[in-house]
Amino acid sequence: MTRGSGNTTKQPGNTTDGRIGTMLKSIIGTAVVLGVAGLGAPAEAIAQDGGTFAVRGATIHTVANGAIEDGTIVLRGGRIIAVGRDVEIPADAEIIDGQGKHVFPGMIDSFSSLGLTEVGAVAVTNDASELGRWNPHLNAHTAIHPASEHIPVARANGITHTMAAPGGGGRFGGGGGSGIQGQATLIHLDGWTVEEMEIEKTAAMVIGWPTLSTGFRAFAGFAAPGGGRSFRRAQERFDEQVAEMDAWFVAADHYRQAVASGSSRVPRDIQLEHLSRVLDRGMKVIVRANGWREIESAIEFAEKWNLDLVIAGGNGAREIAGTLAEKNIPVILGPVQRLPQGDDTAYDDPNTLPGVLHDAGVEIAFATFNSSDSRTLPYEAANSVSWGLPQDAALEAVTLAPARVLGVDDRLGSLEVGKVGNLIVTDGDPLEITTQIEWVFIKGVPSDLDNKHRSLWEKYDSRPARRVTTTTT
Amino acid sequence: MRHPTKWSIRRVGAGCLALGLAFGVPGGAAAQEQPILIRGATILTAAEAGRIEDGAILFENGRIIAVGSTSEVEAPSDAVVIDGTGKFVTPGIIDAHSHIAADAINEGAVSVSSMVSIHDVIDPTDIALYREAAGGTTTSHIMHGSANPIGGNNAVIKHRWGEDAEGLLFEGAPPTIKFALGENPKRAGSPTLPGQEARYPASRMGVMDVIRQAFIEATEYKAEWDTYRARVAGGDRNAIPPRRNLTMDPLVEILEGTRYVHAHSYRADEILQLMRVAEEFGFRIHTFQHVLEGYRVADEMAEHGAHASTFSDWWAYKMEAYEAIPHNAAIMTRRGVNVSINSDSGEEGRHLNQEAAKTMKWGGLSEAEALATVTINAAIQLMIDDRVGSLEAGKDADIVLWENYPLSSYARVRTTYIDGEVVFDIDADMAMRAEIEAEKAELRELLGESDDPDDERDPGRRPGGGR
């Protein structure tokens with residue numbers, strides 16, 4: 001198949017691609033069977049017989065243990081069974097020549113609305129946000145649309161996993177406001193059903209922290225009449241909202257005690273039942289907060305309730321980087337390609353933030369908080385490198401660091417024996433825009449790299465030259 | 001002369017601690033004072049010369065004097081010589097679709113708002129001018145919004161941070177006007193308020209009808225003026241001029257080929273229909289903006305002579321963007337359409353170089369073709385390519401010196417020159433941060449940070465929490 005011209009290489013992993021393609025079909029068939037059989041088992045009870053694959057003679061960037069030149073990595077039964085320079089390739093392995101290629105762990109978008117938002121402006125296609133402010137019992141898992149066009153688009157650029165989270169969505173972000181937005185789910189970006197995709201059905205509870213704001217940011221030329229409120233009133237309003245949040249945690253704590261007492265007279269309250277699970281670090285709590293005062297408030301709150309806190313957003317985190325490091329609170333950073341917050345904020349404030357946090361010892365992970373932009377995740381990381389974030393830390397912040405932040409680094413995030421077989425084969429640095437992703441392996445098998453964009457490109461790139469017809473000119 | 005208050009602190013608001021801090025290079029310099037030679041750099045010219053390794057560029061009095069290999073370009077003795085070893089030089093980036101530095105964008109009460117102009121609302125204090133210059137952008141097309149099928153008139157500006165509104169305007173840039181098709185002029189996302197009547201049009205049929213009817217009226221209006229002028233020319237002293245119609249005047253300019261249409265569009269069907277309506281009235285759609293489905297009608301666009309200014313990879317944010325593909329620029333380029341990549345955003349306008357690089361990844365444009373999408377092609381679309389868009393002797397010295405390869409996610413600007421003057425420089429920026437912090441501290445002291453419970457001012461950022 002020839003296409004256009006220029007330097008784009010033919011992408012393998014296409015189902016029309018000979019033997020691998022045929023295998024892929026049979027693997028998919030197997031996966032369906034196993035997916036059903038695997039109900040109730042750990043979600044990554046993956047295609048146990050998914051076949052054996054080896055990438056030979058590539059530069060293997062393990063993330064955990066440096067890079068291996070002229071290395072080989074072997075995947076079998078869905079897992080990495082060998083990685084190194086002198087590795088015996090099983091006789092039945094399907095071999096990919098890795099000469100001149102690079103192998104990296106698949107990238108993890110730490111916070112997205114993949115599968116939850118299809119068309120930003122079309123409300124009926126959005127399931128990321130629910131009405132009401134107190135939804136600890138809702139789970140993104142319930143609404144993941146495995147056939148969303150966004151998933152293969154992200155996957156084709158090397159994004160293999162995401163934490164799909166409630167409370168966001170839409171082209172312009174939509175923070176979801178203050179309140180308990182529900183549970184986020186951690187998924188592989190491949191699978192026929194959400195059950196095949198899931199890694200952790202409940203990866204975290206997502207909370208939108210109240211914002212301490214004196215004003216209303218002008219939007220599209222509209223500003224609130226009379227301008228903003230005073231700082232004192234903003235603080236009062238903020239304190240009220242935090243108190244409201246606190247009341248939910250008090251209730252959850254009481255509910256837990258009541259249930260633990262064994263009394264048969266405790267009516268089941270599904271909201272409190274779910275919320276009580278976050279107490280005493282029973283579940284990760286991802287708090288969306290940007291200003292340092294808000295982050296500080298969330299930290300204080302998390303200490304009071306002994307929460308396993310992760311900050312998401314964190315635009316103002318540099319002001320309290322020391323505190324975050326000292327208390328081991330990771331930050332899932334919002335897009336680096338965003339505007340600085342104030343007119344008087346340095347032009348490169350978003351670019352320098354990741355490096356500043358890294359230097360201070362804060363664990364950082366990148367995220368897009370979006371669905372259609374998920375494929376641009378690696379560029380968010382790269383945009384910090386020329387502003388102080390070390391190259392290897394940038395790569396780690398889209399691979400192993402998110403796995404640690406989300407508590408799955410025993411299975412994901414690096415190329416190590418025993419981990420799930422998630423990797424990408426590229427012609428270069430995946431954080432660089434012009435790099436092509438040539439193979440994506442998820443759960444030890446090649447993923448289809450075809451997607452809506454590639455299909456439309458191929459279709460219209462091969463449109464026959466227009467026959468000139470009579471017009472009304 | 002540049003405005004005397006160029007680098008002074010300016011207030012952007014009153015009654016609050018609003019610091020409109022003028023980042024920029026201190027010194028109040030007027031026009032470029034000394035010749036500058038950058039040498040030893042890799043120069044991406046966006047001109048026939050293409051890429052020049054170990055290249056040099058000399059500029060003086062705001063104009064490029066010479067571009068070539070370092071050994072070829074000689075510097076006058078008074079030139080400031082900058083070592084560009086390991087660095088890259090490109091033309092200043094041109095953003096063919098922007099909404100920064102304007103106090104208003106949409107006059108949406110009417111379906112035809114050709115009587116209004118962005119020229120009347122240029123805001124030279126918008127920090128986006130500086131921030132985008134820090135990303136290499138030197139010229140922007142500030143466009144009216146997309147609320148109406150025929151929108152207002154646009155303005156082309158240079159990012160001469162520190163100038164007043166008039167000083168920003170790109171001298172002699174041909175006039176342009178905004179049209180808009182599809183969801184936005186239908187007001188699909190803007191429900192009417194109770195008691196408010198819906199505004200026609202509400203469908204793509206209506207959008208095209210509004211445009212057609214406006215040009216029927218403009219044709220008649222033009223005929224009245226043509227008749228009047230013919231009578232005056234024929235010596236008729238009793239000829240009475242038709243009443244001026246400010247809505248119609250720009251449309252007459254379109255018909256006469258002196259004002260250029262930039263049409264916001266998404267779907268292939270509306271792109272095609274607008275070209276046909278324009279052909280009915282004998283004019284051309286100069287540039288389709290966004291044009292996310294241009295890849296479906298690229299041949300028709302090339303035949304009509306329309307240019308395309310699109311996004312790199314945005315999609316699915318609205319229904320009419322659901323079939324957008326990042327290969328759009330490449331497909332249209334291959335089929336003979338002049339393509340630029342624009343920002344439509346004060347954020348994206350800070351890294352159009354990276355957006356251009358995406359055309360290399362998706363669809364395989366060459367380095368030169370990719371760079372052209374944010375330089376010379378945009379200049380051609382704005383008809384200012386005799387002045388800017390490439391590095392050639394005689395052109396304006398709008399030049400970007402990059403720390404590293406510009407068509408990359410790792411790219412970073414070192415210095416941006418407009419008319420040979422520094423509008424952004426890494427070191428100058430760092431120096432100003434200290435000044436700004438000091439100035440803020442002083443202002444805080446003047447305001448009297450107090451423990452008074454009635455003091456309703458924001459106490460500001462935590463002392464010592466700077467960057």
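## The hairpin of strands 1 and 2 in chain A

In chain A, five residues lie between strand 1 and strand 2 in their hairpin, and Val63(A) there takes a positive phi near 70°. The model you are looking at is predicted: local features need pLDDT of at least 70, side-chain atom pairs count only at pLDDT 80 or more, and totals for chains, interfaces and linings use all residues. Residues are numbered from 1 along each chain as its sequence is written, while chains are lettered from A and ligands numbered from 1 in the order in which they are written.

Strand 1 covers residues 52-61 of chain A and strand 2 covers residues 67-76; the two run antiparallel and are joined by eight bridges. Strands here are DSSP runs (E, at least two residues), helices are runs of H or I with at least four residues, and both are numbered from the N terminus. Two strands pair if DSSP finds at least two bridges between them.

## Other partners of strand 1

Strand 1 of chain A also pairs in the parallel sense with strand 4 (residues 94-97) of chain A, over four bridges.

With strand 5 (residues 102-105) of chain A, strand 1 of chain A forms a parallel pairing over two bridges. There, Ile60(A) stands opposite Val103(A).

## A look at chain B

Chain B has 12 helices and 17 strands. Of its 467 residues, 52% count as buried (20 or more other C-beta atoms within 10 Å of the residue's own, with C-beta atoms placed from the backbone).

Contacts in chain B join residues whose C-beta atoms, placed from the backbone, lie within 7 Å. Among those with a separation of 6 or more, 68% are between residues 24 or more positions apart.

Note on methods. A residue is buried if 20 or more other C-beta atoms lie within 10 Å of its own, exposed if 12 or fewer, and partly exposed in between; C-beta atoms are placed from the backbone. Two residues are in contact if their C-beta atoms, placed from the backbone, lie within 7 Å.
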